[in-house]
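Opening the notebook on a new model today.

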Amino acid sequence: MVSSKFDVAGKCCIVTGGAQGLSRSMAEGLLENGCKVVLMDVQKEKLEAAVSEYRSIGYDACAVSGNLADRAEIDRMFEEAMKYLGGKLDVLVPAAGIQRRHLPEEFPVEEWDLVLAVNLNHVWLMCQNALKVMLRQPTGGKIINIASMVSWFGGTTVPAYTAAKGAVTQLTKSLASDCAGRGININALAPGYMDTEMNSGLTDARKAEISQRIPQVRWGTGEDMKGPLLFLASGASDYLNGAIIPVDGGYLVK
């Protein structure tokens with residue numbers, strides 16, 4: 001008899017930032033395995049193109065566009081998503097994130113505010129909205145936050161991103177502590193250095209330095225996020241709570 005522990009078919013999911021990058025790959029991983037997924041992003045045309053592509057091959061996907069840096073917009077987007085999902089939410093992945101690079105003494109305050117709004121505040125607000133739904137469900141739910149390598153160290157020229165991701169790490173632990181006994185699993189994946197648009201601003205010297213440290217001898221891709229995400233979205237992770245899981249090719253251990 002085949003175990004159903006890793007089966008996620010039929011689960012209702014929200015993935016933010018789904019128009020591109022790791023967020024889109026994670027949404028795709030859920031869709032490939034039979035989930036119903038609402039993808040959210042501020043990039044309306046790119047988001048709708050992605051969802052149209054998925055629907056054309058039979059995946060149950062929906063696009064909800066809006067500004068995840070705006071609190072009123074987040075509430076509106078969540079409500080729209082829940083209508084599409086029929087009021088049920090099994091998995092939340094608040095994965096949207098942005099990056100701004102400046103030396104700390106030159107970091108513009110408006111960019112600090114924007115990075116914190118998207119990378120931290122939107123995560124908290126989406127989690128809170130999701131919990132109000134999940135706690136009413138007899139089946140509970142799964143929240144999968146997205147941490148980072150800078151959850152453990154400082155990075156360079158990314159003070160706002162580092163502050164936000166450090167906070168997401170601790171928020172994940174706090175929420176897990178409050179919700180683990182109430183049928184909710186809350187964990188985080190921490191991508192290592194990934195070959196995505198977000199890392200395009202690194203200098204060649206910094207890229208070479210990073211590459212030399214990765215024991216698996218390559219940068220990660222969106223495909224590398226799908227397996228860990230599916231584990232956390234499935235019943236196989238029912239006794240895992242408050243974990244921050246590196247998906248980094250061994251970067252942290254070298």
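Predicted model: local features only at pLDDT ≥ 70, side-chain atom pairs only at ≥ 80, totals over all residues.

**Helix pairs, then the overall fold**

I started with helix H4 (residues 109-134) and helix H5 (residues 159-179), which pack at an angle of about 15 degrees with their axes 8 Å apart. For the record, helices (H or I, at least four residues) and strands (E, at least two) are DSSP runs numbered from the N terminus. Axes are lines fitted to C-alpha atoms, for helices over the stretch in contact, and angles run from 0 to 180 degrees between N-to-C directions. H4 and H5 are therefore roughly parallel to each other; my note on the cut-offs is that under 35 degrees is roughly parallel, over 145 roughly antiparallel, 65 to 115 roughly perpendicular, and the rest oblique.

Contact here means heavy atoms within 4.5 Å. On the H4 side I listed residues including Trp112, Leu116, Val123, Trp124 and Leu131, and on the H5 side residues including Pro159, Tyr161, Ala164, Leu171 and Cys179. By class I get 18 nonpolar, one polar and no charged residues for H4 with H5. The classes: Ala, Val, Leu, Ile, Met, Phe, Trp, Tyr, Cys and Pro are nonpolar, Asp, Glu, Lys and Arg charged, and the others, Gly among them, polar.

Next I took helix H1 (residues 21-32) with helix H2 (residues 44-56): their axes come within 12 Å and cross at roughly 20 degrees. That makes H1 roughly parallel to H2, and H1 passes H2 in a right-handed crossing. Arg24, Glu28 and Leu31 of H1 meet Ala50, Glu53 and Tyr54 of H2. I sorted these into three nonpolar, no polar and three charged.

What angle does H1 make with helix H7 (residues 223-233)? Roughly 55 degrees, with the axes of H1 and H7 coming within 9 Å. H1 and H7 are therefore oblique to each other, and their crossing is right-handed. H1 brings residues including Leu22, Met26, Glu28 and Leu30, while H7 brings Met225, Lys226 and Leu229, among others. The class count for H1 with H7 is seven nonpolar, two polar and four charged.

Stepping back, I find seven helices and seven strands, in the order β-α-β-α-β-α-β-α-β-α-β-α-α-β from the N terminus. The radius of gyration is 17 Å, close to the 18 Å that the globule rule gives for 254 residues, so the protein is as compact as a globular protein of that length (taken over C-alpha atoms; the rule is 2.2 Å times the number of residues to the power 0.38). The C-alpha atoms fill a box of roughly 50 × 45 × 40 Å along the principal axes.

Confidence check: pLDDT, the predictor's confidence in each residue from 0 to 100, averages 95, and 97% of the residues score at least 70.

Residues are numbered from 1 along each chain as its sequence is written, and side-chain values use heavy atoms, leaving out hydrogens and water.

Technical notes. Left-handed = near helix turned anticlockwise from the far one by under 90°.
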